[in-house]
Amino acid sequence: MTGRRARPGWIRRNTVALASLVVTVPLLGWWSVHSDYQAWYDAEPRDAVEVAAGGTSYQDATWYAASVEVDPEPRAGRNPAPLPDGTTRIRVYFRLQVDDVAKLEKLGGCLMHLRADDGRTWDESIADDEFQDRPTGCTGGSDPKPQSWRDPKLAPYFVKPAAGKPFETVAVFVVPSEVAGEVQPTITWRTRLPQYLAFPR
């Protein structure tokens, strides 16, 4: 009479599968976390292109220092809604020049921000039209009536883009009052991240 051999246990029968899980699960977890981190890292504006006082060439345009106004006056005849407590309105004039107006198309899709020393950012407040006395956006806007904007003779910058002439565009922000004196104007493009333009005040 011969004895029957004991059948191997479940663990022994599935040793190869279990070993592959021990390797695969951590690897998949690492890959998922790494992929998410890389996507965030690539989309985070962190490499500043500092705009020099005399102008800096970037994206086929020459950029100049920005002008920052804290708590600006609204446009004549406008009665804006009051701001939330503890906040301040900031108006920024961005200045640039192109040698060929057609190249302004490359500047479309820009996003204007204010950046605090601790890395926090605030986007342009498009609801504050009462404070926008110049066209908005990096391409200079599309208002067909230049006379509806501030007289260009008041500043050495033109209201509308013209080849070889510096012009101004405006952005308005609402930020906490405690950072109003320190925030730095910046511009990002999704096609250029992680770079961003950083403007001296």
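Two strands are taken to pair if DSSP finds at least two bridges between them. In this predicted model, the bridge partner of Ser 67 in S4 is Tyr 93. That contact belongs to a set of seven bridges joining S3 to S4, two strands that run antiparallel.

## Overall architecture

The secondary structure of the protein chain comes to two helices and nine strands. Read from the N terminus on, the elements follow the order α-α-β-β-β-β-β-β-β-β-β. The chain has 201 residues, of which 34% count as buried. Among contacts between residues at least 6 apart in sequence, 69% join residues at least 24 apart.

## Strand S4 and its partners

Strand S4 is joined to S3 by seven bridges and to S7 by 10 bridges. Both pairings are antiparallel, S3 with S4 and S4 with S7. On the S7 side, the bridge partner of Arg 91 is Val 172. Because 10 of the 11 residues of S4 are buried, the strand is largely enclosed by the rest of the structure.

Asp 128 is placed in the loop between S6 and S7. Its relative accessibility is 8%, so Asp 128 counts as buried. The C-alpha atom of Asp 128 is separated by 9.0 Å from that of Ala 81, a residue 47 residues apart from it along the chain.

## The largest nonpolar core

In soluble globular proteins, nonpolar side chains tend to be buried together. The largest nonpolar core of this model has 30 residues, and Trp 63, Ile 187, Trp 189 and Leu 197 touch the most other members. The elements that give two or more residues to this core are S3 (61-70), S4 (87-97), S5 (111-115) and S7 (167-176).

The surroundings of Trp 63 can be described in some detail. Not counting residues up to four places away in sequence, Trp 63 touches residues including Val 51, Tyr 58, Leu 96, Leu 107 and Cys 138. Ile 187, Trp 189, Leu 197 and Phe 199 are also among the residues that Trp 63 touches. The list includes Arg 95 and Thr 56 as well.

A search of the whole structure finds four aromatic pairs.

| Pair | Centre to centre | Angle between planes | Arrangement |
|---|---|---|---|
| Trp 63 and Trp 189 | 5.8 Å | 70 degrees | edge-to-face |
| Trp 63 and Phe 199 | 6.1 Å | 70 degrees | edge-to-face |

Each of these pairs links distant parts of the chain. Trp 63 lies in strand S3, while Trp 189 lies in the loop between S8 (184-188) and S9 (195-198), 126 residues apart. Phe 199 lies in the segment after S9, and 136 residues separate Phe 199 from Trp 63. Trp 63 and Trp 189 are both buried, and Phe 199 is buried too.

Ring pairs link Tyr 58, Trp 63, Phe 94, Trp 189 and Phe 199 into a cluster.

## The disulfide

A disulfide is a covalent bond between the sulfur atoms of two cysteines. A search of the whole structure finds one disulfide. This bond joins Cys 110 to Cys 138, with an S to S distance of 2.2 Å. The torsion about the S-S bond is about 105 degrees, so the disulfide is right-handed. The pair links distant parts of the chain, 28 residues apart: Cys 110 is in the loop between S4 and S5, and Cys 138 is in the loop between S6 (121-123) and S7.

Cys 138 is buried because its relative accessible area is 2%. Cys 138 is also one of the residues touched by Trp 63, itself among the core residues that touch the most other members.

Terms used: Residues numbered from 1 in each chain as written. Predicted model: local features only at pLDDT ≥ 70, side-chain atom pairs only at ≥ 80, totals over all residues. Heavy atoms only, no water. Core = buried A, V, L, I, M, F, W, Y, C linked by side-chain atoms within 4.5 Å. Buried < 20%, exposed > 50% of the residue type's maximum accessible area, 1.4 Å probe, protein only. Helix = DSSP H or I, 4+ residues; strand = E, 2+ residues; numbered from the N terminus. Contact = heavy atoms within 4.5 Å. Disulfide = S-S within 2.5 Å. Phe/Tyr/Trp six-rings, centres within 6.5 Å; stacked < 30°, edge-to-face > 60°.
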